[in-house]
Amino acid sequence: VAVKDAAYRDKIARLNAEVMGKDTDPYYGAPVIILVLADGKANTFVEDGSCVLENMMIAAHSLGLGSVWVHREREVFDSEKGKELLRSWNLPETLRGVGAIALGNCGLIICAIFIALAFRMLGVLVCVSFSALNFKERLFCMIAYCPKATVQAAIGALPLAAGLACGQTILTAAVLAILITAPLGAFLTDITYKKLLSLPSDMRKAQEGGTEDE
């Protein structure tokens, strides 16, 4: 069952959150939820439904969509409120929940991260523009400020802990920012520092003199 209607989507999210005993969005703010229900009379309804979930996640990935497998649909549709939903959809009440997929496009978040990164690097350039650094050293400073992890790790989960509706989205963006920029910054720093940085002449002479003495 593909749930696109906002009212149904929010109702299912509340039912799922009640199973956890929390007031959060179990579907991470995704606009579309796909529910996988199976005939509870079948001995392998869990296995069959799980295969469907996995195949849909693979298909979503091939289309460039982000997806996450969400549990607790069995508890939701075993409840009276869940059965009311089945009746409203003209589906048999013998159906049992196996799982759900939250579908969304994480491309917008990734684009926002790179836009923010560009502004961050521009800010670094402005800050070092009036320094004694040469162009290559300024460029290296911009690269060195690419990694974003400390602040994101420290405060990324606070909106979620505060119970804000956007908490899941903010936490997801924070985690993606860390996963993308930390290794990217480390890689760029490692491959550029020898080309962009050089020792001051006095230190270079001292190093060369020490090498000759040896």
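I began with Pro26, which is found in the loop between α1 and β2. I kept in mind that this is a predicted model.

**Entry 1: Pro26.** Is Pro26 buried or exposed? I looked up its relative accessible area, which is 5%. Buried means under 20%, so Pro26 is buried. Next I listed what Pro26 touches, not counting residues up to four places away in sequence. I found Ala13, Asn16, Ala17, Met20, Val70 and Arg72. I also checked Pro26 against Ile12: they are 14 residues apart in sequence and 9.5 Å apart in space, C-alpha to C-alpha.

**Entry 2: the largest nonpolar core.** I turned to the largest nonpolar core, which has 18 residues. Which of them touch the most other members? They are Ile12, Tyr27, Leu35, Phe77 and Trp89. I then noted the elements that give two or more residues to this core: α1 (6-20), β2 (32-39), α3 (73-78), α4 (80-88) and β4 (95-104).

**Entry 3: positive phi.** Most residues other than glycine have a negative phi. I noted two residues that go the other way. Tyr28 has a positive phi of about 55 degrees. Tyr28 sits in the loop between α1 and β2, and its relative accessible area of 39% makes it partly exposed. Asn90 has a positive phi of about 60 degrees. I found Asn90 in the loop between α4 and β4. Asn90 counts as exposed because its relative accessibility is 72% and the cut-off is over 50%.

**Entry 4: α5 and α6.** I looked at helix α5 (residues 107-128) and helix α6 (residues 135-144). Their axes come within 9 Å and cross at roughly 145 degrees. The crossing is right-handed. Which residues make the contact? From α5 I wrote down Met121, Val124, Leu125 and Val128. From α6 I wrote down Arg138, Cys141, Met142 and Ile143. By class, the contact has 7 nonpolar, no polar and 1 charged residues.

**Entry 5: cysteines.** How many disulfides does a search of the whole structure find? I got 0. Cys51 is partly exposed, at 44% relative accessibility. Cys111 is partly exposed too, with a relative accessible area of 46%.

Terms used:
Residues are numbered from 1 along each chain as its sequence is written. This is a predicted model: local features need pLDDT of at least 70, side-chain atom pairs count only at pLDDT 80 or more; totals for chains, interfaces and linings use all residues. Side-chain values use heavy atoms; hydrogens and water are left out. A nonpolar core is a set of buried Ala, Val, Leu, Ile, Met, Phe, Trp, Tyr and Cys residues joined through side-chain atoms within 4.5 Å. Buried means under 20% relative accessible area, exposed over 50%, partly exposed in between (1.4 Å probe, protein chains only). Helices (H or I, at least four residues) and strands (E, at least two) are DSSP runs, numbered from the N terminus. Axes are lines fitted to C-alpha atoms, for helices over the stretch in contact, and angles run from 0 to 180 degrees between N-to-C directions. A crossing is left-handed if the near helix is turned anticlockwise from the far one by less than a right angle, and right-handed if clockwise. Contact means heavy atoms within 4.5 Å. Ala, Val, Leu, Ile, Met, Phe, Trp, Tyr, Cys and Pro count as nonpolar, Asp, Glu, Lys and Arg as charged, and the others, Gly among them, as polar. A disulfide is a pair of cysteine sulfur atoms within 2.5 Å.
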